[in-house]
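User: Could you walk me through this structure? I'm new to this, so please take it one piece at a time.

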Amino acid sequence: MKSKGRIFLIEDDEIILSMLSRTLKKEGYEVYSEAKTDDILNKIRSWSPDVLMLDIRLPGQSGLDILQELRDKDIETEVVMMTADVTAESAVRAMKLGAADYLTKPFNMDEVKIVISKIIEKENLKREVEYLRKVSSPILARELIGESKAIKKLKTKAEKIAKANVSSILITGESGTGKEVLARYIHHSMHGDSDDVYNPFIAVSCTALPEHLLESELFGYEKGAFTDAKSPKKGLFEMSKNGTILLDEIGDMKHSLQSKLLRVLEERRVRRIGGNEEIPIDVTVIATTNRNLADAVKSGEFRRDLFYRLSTFYLWLPPLRDRAEDVLVLARHFISTYATKYNNKTIKGFSPEAEKYLLNFSWPGNVRELKNLIERIVALENTDVILPEYLPNWILDQPVKKSSSSINSFILPEKGISLEELEKDLLKQALEKAKNNKTHAAKLLSMSYDSFRYQLKRYGLE
C-alpha cells in the first residue's frame, strides 16, 4: 500500500513518541522518530518529510530554535509544534515562523489525525499546482491502440514490467511511433485509476532545453546556487514522487548530465544544484529515444554504464509500416477522438477506396503523421464518409506496393512449409549477401534497421 505521507517526529518523551508513531503508522503514514536534536537539520533534510511534528521543549535545543533554523535555511517542510504548557508568546512566535499548527499535551489523538490529514491534503493540492505548471506535454491516451501481433506482444511485456514495479525502463522506436503513449500506458498499468496528483506523470524533453536549464529542471537548486536562484526550487525528480518521470529523447542528453543521471538511478537520491543534502526519491524513470543507443555508445556519445542501466528493461516500438493491421484501427480511433472535439461531427469511417490508399502508404511519420492527417480531415471536411478526394496527393500518388519477383515466383510446396524457418533462412541469406552489414541486409529485405535487429533477436541470430 502506498504511503499517505512521511511524518518526522521529534519528541524527548519516549511514551508520547511511541504513541504518536504507532497511531500514525496505523493511519498509513511513514514515520521516522528522534528523541535527540543531534544533527537534526541534516536528518530532516535527508529524510525529506511531508510534516515535521516538533516538541517545543527539547534537551539541548528549543523546538522554536529548530523551527527558526529550518526557515533560515529555506527548508519548506510543514511543521506542527507540540507542547504541554502553551503560552501566548511561544504560540505567536511559532506562527510567525510559519508553523502550520499547534498541538497541546495531553493529545486528543483524533485531533492529531485531523491536523495531519489537513496538512497532507494541503501539500497534495500544492503539488497539484506545481505538477500542472511543470508538465511539459499534453495528456495523451492511456491506452495503447493496436490489433497487430507486435502491439499485443508489446502490451503483454509492458504490463509485466509495470507489475514488477521496476525503477527504470528504456523505450526505443522511430519518431512518431508513440513512445510517450507507451510510457503513459506503463504508468497507468502501475498505478491503475489513481489520481495523477498522488502518482504524477511528468514528461521532460532532453532536447528542448539547454544543458544547464535541463539540469536545474531535473534536480532543482538551492537559494544562491547561481545568480537567478532567489529561492530554492524542487526539481522534477522530487515532484514526480510516487509517480513517473519521462525523459524524452535521452539519446540527445549531454555527456556530463548523463553521469549525474546515472548516479540518481543507482542511488535513488538526488542532490539539488548548490546543495549538499541527499534527497530520497521514489519514482519510475522511463527514457525514450529514436536513436540507436548501441551505436551512440560505440561512438562515445552515450555512456556505456548508463545504457546498460537503462536497457535492463527494454521495449522497442515498431514503426507503423511494419504493422499494417494497426493503420485502420488507429485511424478509426482518431476519427472518434476528433469528431467529438470538433463539434461532434458524425463521421462514420472511410470508403473502401480510401482505406486502400491508407494501407498502401508507408507512413514515414508513423502514428503521429496518421493522427495529424485525421485531425485535419475531421476539422475541415463535412462528410459522413472519408473519400480518397480528402486525402493529400502524397498519399494518393504513392506507388502501389508490389512483392519482389522472387516472392512472386515462389510456389508453396504441396506439403507446406514452416514460415518461421523461411523467415529465418531469408535473414541468414541477407546477412551473408551483405557480409554481415546489418544496415545493408535490412535494405535487401525492405525492412527498417530496428525491425531487422528485432527479427534477428527473435530468431536468436543477433
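Predicted model: local features only at pLDDT ≥ 70, side-chain atom pairs only at ≥ 80, totals over all residues.

User: What stands opposite Leu170 in strand 14?

Analyst: The residue opposite Leu170 in strand 14 is Tyr314. Strand 6 and strand 14, which covers residues 314–316, are joined by 3 bridges and run parallel.

User: And which partner does Ile169 have in strand 13?

Analyst: In strand 13 the bridge partner of Ile169 is Ile286. Strand 13 spans residues 284–289, and its pairing with strand 6 is in the parallel sense, over 5 bridges.

User: In what order do the strands of the open sheet come?

Analyst: The open sheet is formed by 5 strands in the order 7-10-13-6-14, and the pairing is parallel. Strand 7 (201–205) and strand 14 are at the edges with a single partner strand each, so one side of each has no neighbour in the sheet. From one strand to the next, the twist averages 20°.

User: What holds strands together in general?

Analyst: Strands of a sheet pair through backbone hydrogen bonds, and the pairing can be either parallel or antiparallel.

User: Back to strand 6: how many of its residues are buried?

Analyst: Strand 6, residues 168–172, is mostly covered, with 5 of its 5 residues buried.

User: Why does Ser168 count as buried?

Analyst: Ser168 has a relative accessible area of 2%, and it counts as buried because the cut-off is under 20%.

User: What does the side chain of Ser168 reach?

Analyst: The side chains of Ser168 and Arg309 are joined by a polar contact of 3.2 Å. If we leave aside its neighbours within four places in sequence, Ser168 is in contact with Leu265, Val285, Arg309, Leu310 and Phe313.

User: OK, switching to helices. How far does helix 7 reach?

Analyst: Helix 7 has 13 residues and reaches 19 Å from its first C-alpha to its last, which is close to the 18 Å expected at 1.5 Å a residue. The helix is followed by Gly192, whose phi is positive, near 60°.

User: Is helix 7 enclosed by the rest of the structure or left open, and why?

Analyst: Helix 7 is largely enclosed by the rest of the structure, because 10 of its 13 residues are buried. Among the buried residues are Leu182, Ala183, Tyr185, Ile186 and Met190.

User: What do those buried residues pack against?

Analyst: The buried residues of helix 7 pack against helix 6 (149–164) and against strand 6, strand 7, strand 10 (244–248), strand 13 and strand 14.

User: Which residue does Arg184 form a salt bridge with?

Analyst: Arg184 forms a salt bridge with Glu180, and their closest N and O atoms are 3.1 Å apart. Both residues lie in helix 7 (residues 179–191), 4 residues apart, which is about one turn of the helix. Arg184 and Glu180 are both buried.

User: Why can two such side chains pair?

Analyst: Side chains of opposite charge can pair when their charged atoms come close.

User: How many salt bridges are found in the whole structure?

Analyst: A search of the whole structure finds 27 salt bridges. One of the pairs is Arg263 with Glu267, whose closest N and O atoms are 3.8 Å apart; these two residues lie in helix 10 (residues 255–267), 4 residues apart, or about one turn of the helix.

User: How exposed are Arg263 and Glu267?

Analyst: Arg263 is partly exposed, with a relative accessible area of 28%, and Glu267 also counts as partly exposed, at 42% relative accessibility.

User: Which residue pairs with Asp305?

Analyst: Asp305 forms a salt bridge with Arg303, and the closest N and O atoms are 2.6 Å apart. Asp305 counts as partly exposed at 33% relative accessibility, and Arg303 counts as partly exposed at 23%.

User: Which residues are linked in a network of salt bridges?

Analyst: Arg45, Glu222, Glu238 and Arg272 are linked in such a network.

User: Last one: where is Ser362 found?

Analyst: Ser362 is found in the loop between helix 14 (352–360) and helix 15 (366–380), and at 24% relative accessibility it counts as partly exposed. The C-alpha atoms of Ser362 and Arg321 are separated by 5.3 Å, although the two residues are 41 residues apart along the chain. Leaving aside its neighbours within four places in sequence, Ser362 is in contact with Arg321 and Gln398.

Note on methods: Residues numbered from 1 in each chain as written. Heavy atoms only, no water. Buried < 20%, exposed > 50% of the residue type's maximum accessible area, 1.4 Å probe, protein only. Pairing = 2+ DSSP bridges. Salt bridge = Lys/Arg side-chain N within 4 Å of Asp/Glu carboxyl O. Polar contact = N/O pair within 3.5 Å; in protein donor to acceptor, adjacent residues only side chain to side chain. Contact = heavy atoms within 4.5 Å. Axes fitted to C-alpha atoms, helices over the stretch in contact; angles between N-to-C directions. Expected span 1.5 Å × (residues − 1).
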